[in-house]
Amino acid sequence: MSSKLTVPTLVFLATCTTLCADTTRKTTLRDGFVLAGVDGKVTRSENKWSFELDSDVTDSTATVDAGTSLQLLPSMTLEKLAADTKERSSTNYRLWARVTKYKNENFIFPIYFLPLSKVEQPKPAEPNEPQPQKSKLTINEPNDRLAIPEEIIARLSTRKILRTEQLRPPLELKQDSIIADRTGFLRDSERDADFVLDALGRNVQQLSFKLLPCQVLELAQQKESLSPDPPRFKISAIVTKYKDHNYLLLQRATRTYSHQNFPK
């Protein structure tokens, strides 16, 4: 006995399909998507910096709505951005960045920024507020043992005074760099993950980097969880620095085998 679908049943099925499509709409951008000059507001909560979007952002598949705050990843650009916020009347910026995806959550790796507000000027002194008096240098007093020629005094009065700290070379942050085809191990902890470069049997100090969340890291951790022994990975990554800590943003991670040439 065959059964026929009635009109109310078809309407119900169509409604359910529409609702299911709406609930499964993707809200995370793909890993590697580039933000090219997106406006927003930089905010800080404890030690975490975030970027609140002023408008919707889409990668043609997923859409992140305006007002969404995405965490800014540690980098040299973030360190400069954090310092710049202290000099601005507001923290609105135009940002160029790369989007990463880790465990179905988006992050932003900043590359370049432009402030959208002016530098905050110091408040002028009140009219009745006494101004600090500059101490005058007394030279060639009657009781001075050594008189300084007038031409030397004229030069001293127009010469800029340099402090000792001004003579030191300023601390210049280097740009982000790239490492390629480096072998090492993942080292996971409860809070974060590190990548330790493999010394390949040499008696040298092992160098480690903190790993930034991205899809390549997530896939590497999945491979590591399926292996009884810690696997080696050959990686390519962006190297950056934030508050004296070195970080890696993985671009590629391929498992390699030592063929028993080196200890595990």
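## Basis and terms

On a 1 Å grid over the protein atoms alone, a pocket is an open set of points with protein on both sides within 12 Å along at least five of seven lines, whereas a cavity is a set where a 1.4 Å probe fits but cannot get out; lining residues have an atom within 4 Å of a point. Grid points are joined across faces, edges and corners, and a volume is the space filled by probe spheres set on them.

The model is predicted, with local features needing pLDDT of at least 70 and side-chain atom pairs counting only at pLDDT 80 or more, while totals for chains, interfaces and linings use all residues. Residues are numbered from 1 along each chain as its sequence is written, and side-chain values use heavy atoms, leaving out hydrogens and water.

## The largest pocket

The largest pocket holds about 840 Å³ of space, and among its 29 lining residues Gln-71, Pro-74, Arg-191, Asp-192 and Tyr-247 lie nearest its centre. Elements that each supply at least two lining residues include β1 (34-45), β7 (105-115) and α5 (215-225), helices (H or I, at least four residues) and strands (E, at least two) being DSSP runs numbered from the N terminus.

## Helix α2

Helix α2 (residues 76-85) is largely enclosed by the rest of the structure, because 7 of its 10 residues are buried, that is, under 20% relative accessible area with a 1.4 Å probe and protein chains only. The buried residues, including Met-76, Leu-81 and Asp-84, pack against β1, β2, β5, β6, β7 and β11.

## The cavity

There is 1 cavity of 30 Å³ or more. Strand β12 gives the most to the lining of the largest cavity, with 3 residues.

Key:
Buried means under 20% relative accessible area, exposed over 50%, partly exposed in between (1.4 Å probe, protein chains only). Contact means heavy atoms within 4.5 Å.
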